[in-house]
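Please read them alongside the coordinates.

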Amino acid sequence: MAIESSCDETSASVCRDGKILSNYIANQTVHEQYGGVVPELASRAHMQNIVPVVDLALKQANVSLPEIDAIAYTQAPGLIGSLLVGSQFARSLAIAMDKPLIAVHHMQAHVLANLIGDPQPAFPFLCLTVSGGHTQIVFVKSPSDMEVIGETLDDAAGEAFDKTAKIMGLSYPGGPLIDKYAQSGNPKAFAFAEPQIEGLDFSFSGLKTSVLYFLQKQQKENPDFVTKHLADICASIQHRIVTILLNKLKKAALQTGCTRLCMAGGVSANSGLRKGLKELGAQHGWEVFIPDFEYCTDNAAMIAITGYYKYLAGTFTPLAESASARATW
């Protein structure tokens, strides 16, 4: 059984022999009125949700608690208050049931979400991990051997989506709204420059600034500019973020010679990015793998599949190990 509580989703999942039997997620809507996740409110909600979420995951899987062989949980990175709720609950279960404990790195779990279901990528593969807090290109040689070969120098792609949405006056979370409005917009309506960053690293802070200055200038001349051109603005912003991401992934594939491409993280649910990756693969004859939507955002199934491979390798965690807001690969 696996527990995920790194941010504002409380999730539990049951995995048997590498197959996901359940993946229950409780979302928190309390943060919408604040325009972002409030850590204290998130940890309180986790405490309210974790027992019913675990119970529902077991019922969905038709598995009883005594049948569980090991407990996996998100150990890092994330909001420390949220992580502590899940880690303490997992530790308590492991002690009470005398079962092994398995600590999981949240971002590594996002990568291994590509191993849920079929078809699965063969090793090695490249994974573009994109979320509100991380943007990375990971070279994956095995479930336990991953190397970050590119990452953001400042803001993450998910943050760029949410912050530009906020500039336009859209509600939180803004990324899905940009994706929604972009469907009916012209991605070439407005041009936003692509940052020239060497190597495989990313930068999104300049894009946010350019969107801000562009809208400020336009709204001086026409206060209703955003309202009248919302779809085109969203489509243009999304187009630029997607091209930044995929141009770097293409460069990584050419440099490494690895042409099995995967995506992971909350932003991999973006329709423009999913379409763009498929087009990139078709253009070059490369294999492309994208997790189902429910395994893109934070979820316990990805913790469960990672825990499964750690269980096979006998990689267990001492009961004294605590959660951490930060983690290295």
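1. K59 is exposed, at 58% relative accessible area. Its side chain forms a salt bridge with that of D55, at 3.2 Å from N to O. D55 is partly exposed, with a relative accessible area of 35%. Both residues belong to helix α1 (residues 39-61) and lie 4 residues apart, about one turn of the helix. Note that this is a predicted model.

2. The structure holds 7 salt bridges. Another of these joins the side chains of E159 and K163 (3.0 Å, N to O). E159 and K163 are 4 residues apart in helix α4 (residues 157-167), so about one helical turn separates them. E159 is partly exposed at 23% relative accessibility, and K163 is partly exposed at 35%. Salt bridges link D155, E159, K163 and K208 in a network.

3. An open sheet is formed by 5 strands in the order β8-β7-β6-β9-β10, with mixed pairing. β8 (145-151) and β10 (287-289) are the edge strands; each has a single partner, so one side of each lacks a neighbour in the sheet. On average, neighbouring strands are turned by 25° against each other, direction ignored.

4. Strands β6 (residues 125-130) and β9 (residues 260-264) run parallel and are joined by 4 bridges. T129 stands opposite A264 in β9. Helix α7 (residues 225-256) packs on the sheet and touches β6, β7, β8 and β9; its direction makes about 160° with that of β6.

5. The side chains of R260 and E287 meet in a salt bridge at 3.9 Å, N to O. This pair links distant parts of the chain, R260 in strand β9 and E287 in strand β10, 27 residues apart.

Conventions. Residues are numbered from 1 along each chain as its sequence is written. This is a predicted model: local features need pLDDT of at least 70, side-chain atom pairs count only at pLDDT 80 or more; totals for chains, interfaces and linings use all residues. Side-chain values use heavy atoms; hydrogens and water are left out. Two strands pair if DSSP finds at least two bridges between them. Helices (H or I, at least four residues) and strands (E, at least two) are DSSP runs, numbered from the N terminus. Axes are lines fitted to C-alpha atoms, for helices over the stretch in contact, and angles run from 0 to 180 degrees between N-to-C directions. Contact means heavy atoms within 4.5 Å. A salt bridge is a side-chain nitrogen of Lys or Arg within 4 Å of a carboxyl oxygen of Asp or Glu. Buried means under 20% relative accessible area, exposed over 50%, partly exposed in between (1.4 Å probe, protein chains only).
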